[in-house]
Amino acid sequence: MKAIRVHAYGGPEVLSREDIPTPAPGDGEVLVRIEAAGVNFIDVYHRTGLYPLSLPFTPGVEAAGVVETVASGLAQVREGDRVAYVMQPGAYAEHAVVPAWKLVPIPDSLDTRSAAAALLQGLTAHYLTHSTYSLRQGETALVHAAAGGVGLLLVQLAKRLGATVIGTVSTEEKARLAQEAGADHAILYTETDFEGEVKRITGGRGVDVVYDSVGAASFERSLNCLRPRGALVLFGQSSGPVPPLELGRLASKGSLFITRPALAHYVADRAELLQRAEDLFDWIVSGELGLRIHKTYPLEAAAEAHRDLEGRKTAGKLLLVP
Ligand code: NDP
């Protein structure tokens, strides 16, 4: 089968297209024929070695497609089922072996590419707004990279819960997209100091929660944007990792809360995975949640997709089609 392989950590140029044997499912596993794989920032961290995987590996942790082979003894899944999955390496390929418990059935009313586009970033937006910090009506959230893949979904779910949303973005076009998604304010943080602007918008009070996936470039000012006893949810580091924090500073800045969540711990068992995915797919099918697919690339163009994502050129989801 065709696959993208990484033999050494590095830039997008280490993503090479190869022919490798199609894997065979073991106990409790199925073979999925992939119709679309999601490109996510975590794929960049795997490629650079920031989150090291053992070399060589096939990147990509999200895809949707059709079950082709089922290991014997598995009753809950059948050949021909349309499924999506996340947090399983090897998605930049024509096929992948996936543990059956990670498979999410795709409703008939949802096309396979939309399912691939929705799952990882949508589950993330779901757990961040419903579990990590359960947003309530009338609260105010600051969302960085608000026109990104996670960002556009996070803005919509925060609005759905009745929050006021302040988004940060790097361009006028991204500001427009964040506002279309429902953001009440969009700050061009490449031109305007977002800390001062958030203080101005909130009348000096600060926001209840900051959802920060940008990391190094935003972290300190994100802390300064919080109201006393507010929460900083640091869930990524698109601009680089955050240096160590002296915990006493949380007290002096207003008894702040801070957490560094990861999706894997919020879809840790099948019941939780299915409950969040069901919400997500229902909202998409009913039109309550809009998906924005920025671009669909052929599998061979994985390096170009990574360059675009890292180069801040994208707004919404990137897909690879084998
Ligand atoms: P995005 O589509 O959000 O792309 C990253 C965006 O970050 C860019 O478009 C850009 O938006 C912004 N950004 C700011 N500074 C930089 C920089 N120096 N280099 C690159 N981008 C920068 O990606 P994803 O939606 O895939 O992921 C967003 C973040 O969420 C990532 O950090 C990812 O690791 C994290 N994540 C965490 C999860 C978790 O469970 N903890 C799960 C899923 C994602 P702009 O141009 O507007 O500044």
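Domain bounds here come from an automatic or database domain assignment, and the structure is a predicted model. Let's work through it.

**Exercise 1.** Find out which domains supply the shell around the ligand.

*Solution.* Start with the ligand: 30 residues surround it, and Y127, S170, Y189, L263 and R312 are the closest. Now sort by domain. Domain 1 (2-120 + 268-321) gives at least three residues to the shell, and so does domain 2 (137-260).

**Exercise 2.** Work out which residues make polar contacts with oxygen atoms of the ligand, taking 3.5 Å as the cut-off between N or O atoms.

*Solution.* Go through three residues in turn.
- K174: an N or O atom in its side chain is 2.7 Å from a ligand oxygen.
- S238: a polar side-chain atom sits 2.9 Å from an oxygen of the ligand.

Next, check the cover: on its own the ligand has 910 Å² of accessible area, and the protein covers 91% of it.

**Exercise 3.** Say where the ligand sits and which elements build its shell.

*Solution.* First, the place: the ligand is in the largest pocket. Then the elements: α1 (41-48), α2 (112-132), α3 (149-160) and α9 (302-310) each give two or more residues to the shell. Helix α2 has the largest share, with four residues. Last, sort the shell by class: you get 14 nonpolar, 12 polar and four charged residues.

**Exercise 4.** Track down a cis peptide bond and a positive phi in a residue other than glycine.

*Solution.* For the cis bond, go to L55 and P56, where omega is about -15 degrees. P56 belongs to the loop between α1 and β4 (62-70). For the positive phi, look at R229, with a value near 65 degrees. You'll find R229 in strand β12, which covers residues 226-234.

Definitions and conventions. Residues numbered from 1 in each chain as written. Predicted model: local features only at pLDDT ≥ 70, side-chain atom pairs only at ≥ 80, totals over all residues. Heavy atoms only, no water. Near = heavy atom within 4 Å. Polar contact = N/O pair within 3.5 Å; in protein donor to acceptor, adjacent residues only side chain to side chain. Areas by Shrake-Rupley, 256 points an atom, 1.4 Å probe, with all protein chains shown as cover. 1 Å grid on protein atoms, 1.4 Å probe; cavity = no way out; pocket = protein on both sides within 12 Å on 5 of 7 lines; lining within 4 Å. Sits in = over half its atoms within 2 Å of the grid points. Nonpolar A, V, L, I, M, F, W, Y, C, P; charged D, E, K, R; others polar.
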